[in-house]
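Welcome, and please have a look at the model below. A short tour of its parts follows.

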Amino acid sequence: MADEKNLAIAKSLFSKMCDALDRKDCNYEKSEEDLTVFFTVEGDDIPIRFFLIIDADAKLIKLMSPLPFKMSEEKRMDGAIAACAASFGMADGSFDYNISNGQIVFRMTASFRESLIGEELFLYMVGCSYSSVRDYNYKFLAVDKGIISIKDFIEKN
């Protein structure tokens, strides 16, 4: 459990995060109790969902963007390979993959331990995540539906 000092820092960051989203006219749902916001951005082909969480205990800002589909059971191994291939070499963030249910989630974190955090960090995290998810969501879906092979996914990556 976070001490009072870290909780106060986390609440301040939550406020900055909401201010940054407000300045971009972003419509979002928030939970001040959980220090979490949720919003959806219309992508080119698939809506992109975002969860931003201020974790006072871990002293982390967490961004999660779950893809709106799961890899089918027969494509689970291809999904694992695709998530690894997509994540390799990314400067920030990665695709997490749950092989037991086929869920793919883009995740990015930033530590606020002994750091000064500005609104720009939140906007960077959202922008970088949006770009990564936008670039890969259809590719993952194409692998799942058999439109492209995992070999083609890797070669085009």
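## Starting from I154

Is I154 buried, partly exposed or exposed? With a relative accessible area of 42%, I154 is partly exposed. Please keep in mind throughout that this is a predicted model.

I154 belongs to helix α4, which covers residues 150-156. Once neighbours within four places in sequence are set aside, the contacts of I154 are I81 and A85.

## How α2 and α3 pack

For helix α2 (residues 76-87) and helix α3 (residues 119-145), the angle is about 155 degrees and the axes are 10 Å apart. Angles over 145 degrees count as roughly antiparallel, so α2 is roughly antiparallel to α3. The crossing of α2 past α3 is right-handed.

Which residues make the contact between α2 and α3? From α2 come D78, A82, A83 and A86, while α3 brings Y136, F140 and V143. Sorted by class, this contact of α2 with α3 holds 6 nonpolar residues, no polar ones and 1 charged residue.

## The nonpolar core

As a general background, nonpolar side chains in soluble globular proteins tend to be buried together. In this model, the largest nonpolar core contains 48 residues. Within this core, the residues with the most contacts are I54, F95, F140 and F153. Helix α3 supplies the largest share of the core, 10 residues.

What does F153 touch, leaving aside neighbours within four places in sequence? The contacts of F153 are A82, A85, A86, Y136, K139, F140, V143 and I148. Among these, A82 and A86 are also part of the α2 side of the contact with α3, and Y136, F140 and V143 are part of the α3 side. A85, another contact of F153, is in contact with I154 as well.

S94 sits in strand β5, residues 94-98. Is S94 buried or exposed? S94 has a relative accessible area of 17%, and buried means under 20%, so S94 is buried. Not counting residues up to four places away in sequence, S94 touches S87, V105, F106 and R107.

E4 is in helix α1, which covers residues 4-23. At a relative accessibility of 74%, E4 counts as exposed. E4 and D96 are 92 residues apart along the chain, and 32 Å separates their C-alpha atoms.

The relative accessible area of D25 is 69%, so D25 is exposed. K59, by contrast, is buried, with a relative accessible area of 17%.

Technical notes. Residues numbered from 1 in each chain as written. Predicted model: local features only at pLDDT ≥ 70, side-chain atom pairs only at ≥ 80, totals over all residues. Heavy atoms only, no water. Axes fitted to C-alpha atoms, helices over the stretch in contact; angles between N-to-C directions. Helix = DSSP H or I, 4+ residues; strand = E, 2+ residues; numbered from the N terminus. Parallel < 35°, antiparallel > 145°, perpendicular 65-115°, else oblique. Left-handed = near helix turned anticlockwise from the far one by under 90°. Contact = heavy atoms within 4.5 Å. Nonpolar A, V, L, I, M, F, W, Y, C, P; charged D, E, K, R; others polar. Buried < 20%, exposed > 50% of the residue type's maximum accessible area, 1.4 Å probe, protein only. Core = buried A, V, L, I, M, F, W, Y, C linked by side-chain atoms within 4.5 Å.
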